Amino acid sequence: MLKLHSGLAIQATIAATSGKPVERILPSFVNQPGVPLIDVSLACAAAGTTVTLDMEDHTTTDLALATLASLREDFPDTGAVLQSYLHRTEADCRDLAASGSRIRLCKGAYREPQSVAYQNRADIELGIKTIGENCLEEG
């Protein structure tokens, strides 16, 4: 049975993941009837296609993965894009592959700090190859 996520439930997930006071920032988004992600997921399911969540800069990765986990409860074919240049991506890819999630791996396009992302082009290219191979072996 489809569990329609209430605006308050999504707001709580966003607040817990981001540590931000989203009740002041996002009330018009999360309190919309049906919340847009559910509407898109329902439309895609009806059309026989899927949703793939894109990633933004590293500060939103936890939120995107939490959103993915929530959506996959009702829409198990929902997938995500992972950016291989982030240090965390190998573990994220392993976790998603183990759960059966669809994954699209990309190099990454944002200027991220060295503390969270590889900076050298050769390291980034090796990373996408290694992570891709590991994910294929695991899932």
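Okay, let's start with a term: a salt bridge here is a side-chain nitrogen of Lys or Arg within 4 Å of a carboxyl oxygen of Asp or Glu.

Quick housekeeping. This is a predicted model, so local features need pLDDT of at least 70 and side-chain atom pairs count only at pLDDT 80 or more, while totals for chains, interfaces and linings use all residues. Residues are numbered from 1 along each chain as its sequence is written, and side-chain values use heavy atoms, with hydrogens and water left out.

Let's go to the sheet. When I say helix or strand, I mean a DSSP run, numbered from the N terminus: H or I over at least four residues for helices, E over at least two for strands. And two strands pair if DSSP finds at least two bridges between them.

So, in what order do the three strands of the open sheet run? The order is S1-S2-S3, and the pairing is parallel. S1 and S3 are the edge strands, each pairing on one side only.

Now look at S2, residues 79-83. Is it buried or exposed? Five of its five residues are buried, so S2 is largely enclosed by the rest of the structure. Buried, by the way, means under 20% relative accessible area, exposed is over 50%, and partly exposed is in between, using a 1.4 Å probe and protein chains only. Both faces of S2 are covered: Gly79, Val81 and Gln83 are buried on one side, and Ala80 and Leu82 on the other.

On to the neighbours. S1, residues 52-53, pairs with S2 over two bridges, in the parallel sense, and Leu53 stands opposite Ala80. To get from S1 to S2 the chain goes through helix H5, residues 61-74, in a right-handed β-α-β crossover. Right-handed means that, with the strands pointing away from you, the path from the first strand over the helix to the second runs clockwise.

With S3, residues 102-106, S2 has five bridges, parallel again. Here Gln83 sits opposite Cys106, and Leu82 is opposite Leu105. Helix H6 packs on the sheet, touching S2 and S3, and its direction makes about 160° with that of S2. Contact means heavy atoms within 4.5 Å; axes are lines fitted to C-alpha atoms, for helices over the stretch in contact, and angles run from 0 to 180 degrees between N-to-C directions. S2, H6 (residues 89-99) and S3 also form a right-handed β-α-β unit.

Back to salt bridges. How many turn up in the whole structure? A search finds six.

Glu90 is partly exposed at 31%, and so is Arg94 at 36%.

Next, Glu125 and Lys107, at 3.4 Å between the closest N and O atoms. This pair links distant parts of the chain: Glu125 is in helix H7, residues 121-138, and Lys107 is in the loop between S3 and H7, 18 residues away.

Then Glu133 and Lys129 meet at 2.8 Å, N to O. Both are in H7, and because they are four residues apart, about one helical turn separates them.
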